[in-house]
Amino acid sequence: MKKLGGMIYSPDHPLSQLCQIMKAVLREGKGSYDVFLEIEIRARPGAKREEILLREGVLYLATHARAIEGEANSSLTKILAKVLGIAPTHCALIRGEKSKNKVFRIGLKEKARHDPAKVGQILLDLKVGNLAK
């Protein structure tokens, strides 16, 4: 069991399961967040369609935006937030600003719109396919 942000995450908690199948790490929360989920993604800027794919433990995010002056990074943040059902202000790019391999930090708080169990379950339920619009 993991104790983060005053919460104990058992092995059957969606976030604990997520960290076992994907490149994701739980970190102690700060400020108004109970816990941070740091998730590694592989970006596909300039794609024909926006989509999110989970393949072999790697989360792929495709966007129409080109990798020019941070347009793709901004678009990827919005896509990730939309899929997770949270505000884009809860997602931050922390590594990989000029790389296809990126790490996003997602701030989560129990009993809020950005609840860890809800977000973890959304990511666990991801199937290979198009991003629902």
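Reader: How many bridges join strand β4 to β8, which run antiparallel?

Author: This is a predicted model. In it, strand β4 covers residues 35-44 and runs antiparallel to β8. Within this pairing, Leu37 stands opposite Ile106 of β8. The number of bridges that join β4 to β8 is 8.

Reader: Which residue in β8 does Arg95 stand opposite?

Author: Strand β7, residues 91-95, is also joined to β8, by 4 bridges, and the two run antiparallel. They form a hairpin with 5 residues between them, and Gly96 in the turn has a positive phi of about 95°. In β8, the residue opposite Arg95 is Val103.

Reader: How many of the residues of strand β8 are buried?

Author: Strand β8 spans residues 101-108 and pairs with β4 as well as with β7. Over the chain, buried residues make up 47% of the 133 residues. Strand β8 itself is mostly covered, and of its 8 residues the number buried is 6.

Reader: Are helices α1 and α3 parallel or oblique to each other?

Author: Two packed helices are described by the angle between their axes and the distance between the axes. The axes of α1 (residues 14-21) and α3 (residues 116-124) come within 8 Å and cross at roughly 40°. An angle under 35 degrees would count as roughly parallel. The crossing of roughly 40° therefore makes α1, relative to α3, oblique.

Reader: How many residues of the contact of α1 with α3 are nonpolar?

Author: Helix α1 passes α3 in a left-handed crossing. The contact is made by Pro14, Leu15, Gln17, Leu18 and Ile21 of α1, together with Pro116, Ala117, Gly120, Gln121, Leu123 and Leu124 of α3. Among these residues none is charged and 3 are polar, while the number of nonpolar ones is 8.

Reader: Does Val83 count as buried or exposed?

Author: Val83 lies in helix α2, which comprises residues 71-84. Val83 and Ile52 are 31 residues apart in sequence, yet 8.5 Å apart in space, C-alpha to C-alpha. Buried means under 20% relative accessible area. Because its relative accessibility is 15%, Val83 counts as buried.

Reader: What share of the contacts in the chain with a separation of 6 or more is accounted for by residues 24 or more positions apart?

Author: The chain has 3 helices and 9 strands. From the N terminus on, its elements run β-β-α-β-β-β-β-α-β-β-α-β. Of the contacts with a separation of 6 or more, the share from residues 24 or more positions apart is 47%.

Definitions and conventions: Residues are numbered from 1 along each chain as its sequence is written. This is a predicted model: local features need pLDDT of at least 70, side-chain atom pairs count only at pLDDT 80 or more; totals for chains, interfaces and linings use all residues. Side-chain values use heavy atoms; hydrogens and water are left out. Buried means under 20% relative accessible area, exposed over 50%, partly exposed in between (1.4 Å probe, protein chains only). Two strands pair if DSSP finds at least two bridges between them. Axes are lines fitted to C-alpha atoms, for helices over the stretch in contact, and angles run from 0 to 180 degrees between N-to-C directions. Angles under 35 degrees count as roughly parallel, over 145 as roughly antiparallel, 65 to 115 as roughly perpendicular and the rest as oblique. A crossing is left-handed if the near helix is turned anticlockwise from the far one by less than a right angle, and right-handed if clockwise. Contact means heavy atoms within 4.5 Å. Ala, Val, Leu, Ile, Met, Phe, Trp, Tyr, Cys and Pro count as nonpolar, Asp, Glu, Lys and Arg as charged, and the others, Gly among them, as polar.
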